[in-house]
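Subject: Structure for you to look at

Hello,

Here is the structure I promised to pass on. Please open it and keep it beside this email as you read.

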Amino acid sequence: MRRLVHAPAPAAVLTALLAAVLGLSASGCSGGDAPGPGSPAASGPAAGAPAAVAVTTVSEVSADEPLRVGVVVTLRSEPGQGQDLVGAAEGATVAAYRLGLGGGRVELEVVDDQGTAEGAGAAVEQLLDAEVAGIVAATRGDHLDAAVEAATAAGTAVLLPYDRDGELPAGAFATGPAAADVDRVLLEAMAGDGLSRPFVLTADDVEVDVGSADAATIGADVDDVAARVASAHDAGRVDSVVVAAAASTQARMVAALQGVAPAVPVVLSPEALSPAFAAGLDEAAGTTAGAYLSAGTDAGDATSLAQGARAEAVSAFFAALRLAAGDDASTDLFGDAAFAEVAADADTASHDAVLSIAAAARAAGSVETADVLSALSGLQAGPAEGLAGPGLDFGGERALPAADVVALRATGQDPGARPVAAGAGPRLYWFADDTTG
């Protein structure tokens, strides 16, 4: 476990960095091509919006003792047990950076759970020993179940930004979409596209419930499964394919489908929102140029090109991300590399989970574990607390309101919200589909 301390840089450095960020984003883009057909119009403010980059939430409560937030990640695992989320978890770095800019003292205690139940238990034990104020489980999978139980039994709050399934113990909160909401949104979007007979492919203990005209489990030989889908589509038995699996498995499956059934509409479980999906497609000699449908929140790169409070909140996240990427002192979660090398993968879900713990600390007037848990229960957090995504209501175990889960479409055209390292492979950028309501 390595502790990262994020403190504000000297004022002159921050001023120069911020000027660079605003200069890059004055037109709504920091690089890349304009959004493609069907993606949001580049008419809204991408940076320089009223939402503040610095978040002052814990500037007072951390004066004597820093806010310590535990972050559990999975560096290596079996498919479906969190490995695909390592890059996304870097959103926690952005949150800590923003709190540091606001004068707060924040420490991230980062632990690799190795994708196993034993590793998750050991990770949580380390974080409990470190007396963190709360834990962000920036991973997923059933290997977490016992560890989450242990953490909450010890009186420590656990936030799970990527969890969809199962019941959670008191003191644990899922801050991402619920499985039922994903199913509902996908069904509505598919109906809007005139799709009602999907061939559903599953693996890695990932499932969606959208009905099926046929179904199969994805095994080692994806070519055989792809051939089955192509045959069923050619015969008119199915009108689409739904792939519910870990991002890496989805990528292998979709690449195989592109070779034999390129005209079949593809629907993906939210695992595809991870950058690992596009990277996997590239590795499997597939293409990101396809039309893909999924479900999630309207809090991605393309959101910053819209107008309104949500766009402003997301733009503040990306402004902070670019500041951190331009700060030579800012590193990745484990302190092994410059943050600039991983900035392209950081997402808002892990960022918002860290800021929610900070909001609870402010509400409690304390960074002590028990006080933070007490204040978190029933807390409502939103843009005022620095959240980039939809507001969260911690009155129950599912903190994300169902209405904020929307259909998402993909484009390969970069909205230019974040820096992309030289030599980086192709990416997908997800935007809300307004036609589905």
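Below is what was found, from the whole protein down to single residues.

**The whole protein**

Keep in mind that this is a predicted model. The protein has 437 residues, and 56% of them are buried. It holds eleven helices and 15 strands. Its accessible surface is about 16500 Å². Carbon and sulfur atoms account for 50% of that surface.

Take the contacts between residues at least 6 apart in sequence. Of these, 73% join residues at least 24 apart.

Leu168 gives you an example to click on. Leu168 sits in the loop between strand 5 (157–160) and strand 6 (172–174). Is Leu168 buried or exposed? Leu168 counts as buried, because its relative accessibility is 14% and the cut-off for buried is under 20%.

Now find Glu397. In sequence, Leu168 and Glu397 are 229 residues apart. In space, their C-alpha atoms are 6.6 Å apart. The two residues are in contact. Leu168 also touches Leu160, Asp163, Phe173 and Ala174, leaving aside its neighbours within four places in sequence.

Start with helix 5, residues 179–192. This helix has 14 residues. From first C-alpha to last it reaches 20 Å, close to the 20 Å expected at 1.5 Å a residue. Its buried residues are Asp181, Val182, Asp183, Val185, Leu186, Ala189 and Met190. Look at the spacing in that list. An α-helix has 3.6 residues a turn, so residues three or four places apart point the same way. The buried residues of helix 5 pack against strand 7 (198–202), strand 9 (240–244), strand 10 (266–268), strand 11 (292–296) and strand 14 (406–411). Just after helix 5 comes Gly194, with a positive phi of about 75°.

Next, helix 7 (247–260). How far should its 14 residues span? At 1.5 Å a residue, the answer is 20 Å. The end C-alpha atoms are 20 Å apart, so the model agrees with that figure. The buried residues of helix 7 are Ala247, Thr249, Gln250, Ala251, Met253, Val254, Ala255, Ala256 and Leu257. Their cover includes helix 6 (222–234) and helix 8. Strand 7, strand 9, strand 10 and strand 11 are also part of that cover.

Helix 7 and helix 8 (275–283) bring us to the second largest pocket. Each gives two or more residues to its lining. Which of the elements gives the largest share? Helix 8 does, with seven residues.

The space in this pocket is about 430 Å³. In total, 28 residues line the pocket. Closest to its centre are Pro275, Ala276, Ala279, Gly280 and Asp345. By class, the lining has 15 nonpolar, six polar and seven charged residues.

**A cavity**

Rolling a probe the size of a water molecule over the atoms shows where empty space is left. How many cavities of 30 Å³ or more does a search of the whole structure find? It finds one. The largest cavity holds about 70 Å³ of space.

Its lining is made up of Val72, Asp113, Ala120, Ala123, Val124, Ile135, Ala137, Leu144, Ala147, Val148 and Val158. Helix 3 (117–129) supplies three of these, the largest share. Strand 4 (134–137) and helix 4 (145–153) each supply at least two. Ten lining residues are nonpolar, none is polar and one is charged.

**Two loop residues to check**

Glu131 lies in the loop between helix 3 and strand 4. Its phi is positive, about 55°, although Glu131 is not a glycine. Glu131 counts as exposed, because its relative accessibility is 59% and the cut-off for exposed is over 50%.

Asp205 lies in the loop between strand 7 and strand 8 (214–217). Asp205 is another residue other than glycine with a positive phi, near 60°. Its relative accessible area is 61%, so Asp205 is exposed.

Best wishes

Definitions and conventions:
Residues are numbered from 1 along each chain as its sequence is written. This is a predicted model: local features need pLDDT of at least 70, side-chain atom pairs count only at pLDDT 80 or more; totals for chains, interfaces and linings use all residues. Side-chain values use heavy atoms; hydrogens and water are left out. On a 1 Å grid over the protein atoms alone, a cavity is a set of points where a 1.4 Å probe fits but cannot get out, and a pocket is an open set with protein on both sides within 12 Å along at least five of seven lines; lining residues have an atom within 4 Å of a point. Grid points are joined across faces, edges and corners, and a volume is the space filled by probe spheres set on the points. Helices (H or I, at least four residues) and strands (E, at least two) are DSSP runs, numbered from the N terminus. Ala, Val, Leu, Ile, Met, Phe, Trp, Tyr, Cys and Pro count as nonpolar, Asp, Glu, Lys and Arg as charged, and the others, Gly among them, as polar. The expected span of a helix is 1.5 Å times one less than its number of residues. Buried means under 20% relative accessible area, exposed over 50%, partly exposed in between (1.4 Å probe, protein chains only). Contact means heavy atoms within 4.5 Å. Accessible areas come from the Shrake-Rupley method with a 1.4 Å probe; for residues, only the protein chains shown count as cover.
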